[in-house]
Amino acid sequence: AAHEAIETDEVECGAECVVCMAKAAEVAIVPCGHKCLCTGCGLGANAVRLGGRCPTCRGPITTTMRIY
């Protein structure tokens, strides 16, 4: 039997923000490069709440970059 992709309002499987798990991951962490955050969780003051560490690898966060 063929498996059909289950559509959601925000994201496809495996591409969601690892913090809120509700929106698409569109923000990458520099320097590790993990694209694992949505714009709400990964940009501006919200990124500071992560404690300066990537939630995927716990590497240091120098900055974040939105990926289009």
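How many helices and strands does the protein chain have? There are 2 helices and 3 strands in the protein chain. In sequence order, the elements of the protein chain follow the pattern β-β-α-α-β.

Let me turn to the sheet. The sheet is open, contains 3 strands in the order β2-β1-β3, and is paired in the antiparallel sense. Its edge strands are β2, at residues 35–37, and β3, each of which pairs on one side only. On average, neighbouring strands of this sheet are turned by 50° against each other, with direction ignored.

I will take the two pairings in turn. β1 and β2 are antiparallel and pair over 2 bridges. In this pairing, Val27 stands opposite Leu37 in β2. The two strands β1 and β2 form a hairpin, with 4 residues between them. Within that turn, Gly33 has a positive phi of about 90°.

Ala28 has Met65 in β3 as its bridge partner, and Ile29 has Thr64 in β3.

Is Thr64 buried or exposed? Its relative accessible area is 19%, and buried means under 20%, so Thr64 counts as buried. Not counting residues up to four places away in sequence, Thr64 touches Val27, Ala28, Gly42, Leu43 and Ala47. With Gly42 there is also a polar approach: a polar atom of the Thr64 side chain lies 3.0 Å from the backbone oxygen of Gly42. Thr64 itself is found in strand β3.

I come now to the charged side chains. How many salt bridges does a search of the whole structure find? The search finds 1 salt bridge. The side chains of Glu26 and Arg66 form this contact, with an N to O distance of 3.2 Å. Glu26 lies in the segment before β1, which spans 27–30, whereas Arg66 belongs to strand β3, residues 63–66; the pair therefore ties together parts that are 40 residues apart in sequence.

How accessible are the two partners? Glu26 has a relative accessible area of 26% and is partly exposed. Arg66 also counts as partly exposed, at 35% relative accessibility.

Finally, some totals for the protein chain. Of its 68 residues, 22% are buried. The accessible surface comes to about 4,900 Å², and carbon and sulfur atoms account for 53% of that surface. Among contacts with a separation of 6 or more, 28% are between residues 24 or more positions apart.

To draw the main points together: the predicted model has an antiparallel sheet in the order β2-β1-β3. Its β3 strand carries Thr64, which is buried, and also Arg66, whose side chain meets that of Glu26 in a salt bridge. Thank you for your attention.

Notes:
Residues numbered from 1 in each chain as written. Predicted model: local features only at pLDDT ≥ 70, side-chain atom pairs only at ≥ 80, totals over all residues. Heavy atoms only, no water. Salt bridge = Lys/Arg side-chain N within 4 Å of Asp/Glu carboxyl O. Buried < 20%, exposed > 50% of the residue type's maximum accessible area, 1.4 Å probe, protein only. Polar contact = N/O pair within 3.5 Å; in protein donor to acceptor, adjacent residues only side chain to side chain. Contact = heavy atoms within 4.5 Å. Areas by Shrake-Rupley, 256 points an atom, 1.4 Å probe, with all protein chains shown as cover. Pairing = 2+ DSSP bridges. Axes fitted to C-alpha atoms, helices over the stretch in contact; angles between N-to-C directions.
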